[in-house]
Amino acid sequence: MVRLQILTANYFFPPKPFNSNLNLVSAKQQCVSLVKHFFQIGGYGLIAGTLLRFIASSPSGNLNHAGVLPCRSEKSEVSYWNDIIRSYATKDSPREAIGVYLEMRSLGISPDKLTFPILLKACAAISALNEGRKIQVDVVKHGLDCNVYVQNTMIHFYGSCRRIRNARRVFDEMSYRTVVSWNAVLSACVDNECLKESFGLFVKMMDSGFDPDETTMVILLSSCSELGNLSFGRWVHSQVIGNGMDVNCRLGTALVDMYGKCGAVYEASMVFHRMLERNVWTWSAMILGLAQHGFASDALELFPKMKQSSISPNYVTFLGILCACSHAGLVDGGYKFFHDMENVHVIEPMMIHYGAMVDILSRVGRLKEAYNFILKMPVEADPVVWRTLLSACTIHGVNDNDRIGDKVRKRLLELEPKRSGNLVMVANMFAEVGMWDKAENVRRTMKKRGLKKMAGESCIEVGGSIHRFFSGEDDHPQLDCEDFLQLLYGLNLHMKSVKNL
């Protein structure tokens, strides 16, 4: 293979005098002209490709110059197309990346093993299921369906599109797997809330002789966070220490999040304070963990320390701060933080932030203010926000002189007329104030519609396993409920005896 020397470029284009005012745009325009000349003389080799990569990977994010290059011809190499597709995919333009691929195929240029992983990641980013399936057909046509890199990204693609069965099918049919393959399917399970399945796959991974890496541990900790499985989370932490893994920012944040969500706030704090590097997600996980478990003042004290560390808050940070204000009953503080989020930090409030503000007002019985806040929202409040206020109306109904409860009830039943939980709340509201006829009418309506109240559910962790119990359940397939009942009766008698002392 003949390699062009750098000086060869000067043969065609003698260097111009240096101009200190030459900006990046003009530099890219010169590069475009240079590449065009190479294509005209048939020299679309190393230099043309290098210049194309420079234009496509420009930090300015403008790919217009790359889009007009004459590589859009039958003579261009697939590597140039891959660079353009990759650049679009990595610059938050995944749909444009798919469009470039379609144009490439229309010119009869065949993709290679590097094309498909980029494309499948682009499809995953926008959950483009139909486009991804068409690309999978091309994968099979070009005989790359057994390529491990293509298969790994295909698992990721189906997991992102909420098609866990397809992701499992691709994984199960793999003849050769890597740690990345296992991580991809584990991540797909966690993203699709198949949490118990992810634990089973991890056991199979270990039995197959694969050693988990940092990514594996982060995925497992995320699964523990969602399930609230503190015992397994602690075991994962012990494996991190035992394997000598560096608790870097990514892994440390996952540990803080897991301990915080599982209620082990002290352990979350220990990990947090021992970390040498923290990012906004680390601080947000710690603040949210403290706020959700009754340490509102600690959460609020952490916020200014975060800003002193030159880290700007994000939407999760403010969710934790608003949660802390709610638990502490700080209405004025909640308003201030909500205002700063939008006007100082330029973070557009999400529905969950509006719901947090409604919760702050509702907890202190300011029902009318909460109702007016909902009416003034720039977006239509979802049922969760209305349900939050309705629940507060049940608690503070004695002070509801403006009949806010009736207005909220009406609106909620308009949004979700078939949700049994809403009707149960309404019936309970009527029963609380002695309106038995109306309460009975609501329950009769539920019966006519075939709606049943969902049984209350609670869970406990025994020996590292999560056991779920439902209201009215007299038996459990794995635990002796009789022992539990006797223990509860004993505790009840003990509390009565203490009360009588």
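Which helix holds both phenylalanine 232 and tryptophan 235? Select helix α14 (residues 230-242): both lie there, three residues apart, about one turn of the helix. (Helices are DSSP runs of H or I, at least four residues, numbered from the N terminus.)

Before going on, a word on the model: it is predicted, with local features needing pLDDT of at least 70 and side-chain atom pairs pLDDT 80 or more, while totals for chains, interfaces and linings use all residues. Residues are numbered from 1 along each chain as its sequence is written, and side-chain values use heavy atoms, leaving out hydrogens and water.

**Aromatic pairs**

The structure holds 16 aromatic pairs, meaning Phe, Tyr or Trp rings (for Trp, the six-membered one) with centres within 6.5 Å; planes under 30 degrees apart are stacked, over 60 edge-to-face and the rest tilted. Select tyrosine 101 and phenylalanine 116: this pair is edge-to-face, at 6.3 Å centre to centre and 65 degrees between the planes. Tyrosine 101 sits in helix α6 (residues 94-106) and phenylalanine 116 in helix α7 (residues 115-125), so the pair ties together parts 15 residues apart in sequence. Phenylalanine 116 is buried at 0% relative accessibility (buried is under 20% relative accessible area, exposed over 50%, partly exposed in between, with a 1.4 Å probe and protein chains only).

Now go back to phenylalanine 232 and tryptophan 235, whose ring centres are 5.4 Å apart with planes at 25 degrees, so the pair is stacked. Tryptophan 235 is partly exposed, at 33% relative accessible area.

Methods:
Helix = DSSP H or I, 4+ residues; strand = E, 2+ residues; numbered from the N terminus.
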